[in-house]
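Okay, thanks for coming, everyone. I've got one structure to walk you through today, so let me put it up.

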Amino acid sequence: MLNSFCAGTSRHNLARVGALMAAVGLAASLAACGGGGGSGDGSSPGSTPAPPPPAPAPSPSTAGDVSSTVQPTTYAAGSREATAYTALNAARLAGGFGTVAQNTSLDEEAANQAAFVATNYTIASGFGGLDWDVVTLDVLQPDGNETGHVQLSTLPGYTAYSWTDRAIHFGYPSTGLVQESAAFFTVATSGDNGNNCVTGLLSSPGHRQAILDPRFRNVGIGFSTLAEPFANTNSTLYGQSCYIATAAQTSTYSTTGEATTPAGWVGIFPSNGSVVSSVDDSHGHGYAPSVTVDSSLTLTTTSFTITDSNGNVVPTTLNLDGGNGYTNWAFATPNADLAVNTTYTVAFVGSAGGAAFTETWTFTTPAQ
């Protein structure tokens, strides 16, 4: 089972998510700041939340400068961090969102927070081991930030309160724009936990915005494992957490700051013809396709529909559990889980910065 909290940015709100991933035998919870349900600016407790950042200045070239190259990393081959990095960049490339490169300061931030929650937010399980204290991790602090993303100075292992402060502590530029997303797993086998972390976050609209945002150029990934396993008569289970920090070194356009997409670019997710990982969106609704345009543009939706293979239109709600201060994203969220092993057609009609466009594509749900 995969639970989730919010995708965090220093200028966006929080969102709570939860998902079941029975196919891989996971019990988990996701955390991130960047969805709906409270607000926070990633600074100290009690601070006044900042508004969403202004749109960056346009790139000097209409070609844009998102990267199409997956950079090498120092992650150990076959490690959770390496598989998460590969899965994230594969998803970004498939939709034209541009790749993100490993940043060791963000790695340290992500690993530091993963270790902090493993130290401070566990409870006794029913099998004589430890479980994630997902109730406490989901609690909002007075400034609106979720507990799973902050560090309270009274607790062991404290480094800095927010993801932004921690990134700066570990050497990331203080001018940076940083987001953080997280997943908490209980696993019966080693599995591909890096891939499971990314696919789980992608199923949640708020988390998807955080980890696919085309502005970002950098990423850091950190995991932790509970020191004590769950145990029952059939298996031994291990609790793991996964934190992903995505960022740009400045909140304005530059070669190291926010990236821009090519003129006329439209990002769709899931990609055309792909098979998605789940029938739901981790919020109790169906898996939600999305459309994205460059962050300098406002996306206006005229219609956004999903049709099954029999021609039936799926009842949806526009931008449910998405938004997060973004004006360049749109989600069509099914009101209930989608059917398994079914191909759906998505049709979007709208405009970007006043320029009309349409997108039509298909995706297929897994055979669960």
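Before I point at anything: when I say buried, I mean under 20% relative accessible area. And keep in mind that this is a predicted model.

Let's start with helix α5, residues 193-203. How many of its eleven residues are buried? Ten of them, so the helix is mostly covered, going by that under 20% cut-off.

Now, the aromatics. Searching the whole structure turns up twelve aromatic pairs. One of them is tryptophan 329 with phenylalanine 331, a stacked pair with 5.7 Å centre to centre and 10 degrees between the planes. Are these two buried or exposed? Tryptophan 329 is at 5% relative accessible area, so it's buried, and phenylalanine 331 is buried as well, because its relative accessibility is 0%.

Next pair: tyrosine 344 and phenylalanine 363. Their ring centres sit 5.8 Å apart with the planes at 25 degrees, so that counts as stacked too. What I like here is that the pair links distant parts of the chain: tyrosine 344 belongs to strand β18, phenylalanine 363 to strand β19, and they're 19 residues apart. Tyrosine 344 comes out buried because its relative accessible area is 4%, and phenylalanine 363, at 0%, is buried too.

Together with Phe97, Trp265 and Tyr326, they make up one aromatic cluster.

Methods: Residues are numbered from 1 along each chain as its sequence is written. This is a predicted model: local features need pLDDT of at least 70, side-chain atom pairs count only at pLDDT 80 or more; totals for chains, interfaces and linings use all residues. Side-chain values use heavy atoms; hydrogens and water are left out. Buried means under 20% relative accessible area, exposed over 50%, partly exposed in between (1.4 Å probe, protein chains only). Helices (H or I, at least four residues) and strands (E, at least two) are DSSP runs, numbered from the N terminus. Rings of Phe, Tyr and Trp (its six-membered ring) pair if their centres lie within 6.5 Å; planes under 30 degrees apart count as stacked, over 60 as edge-to-face and the rest as tilted.
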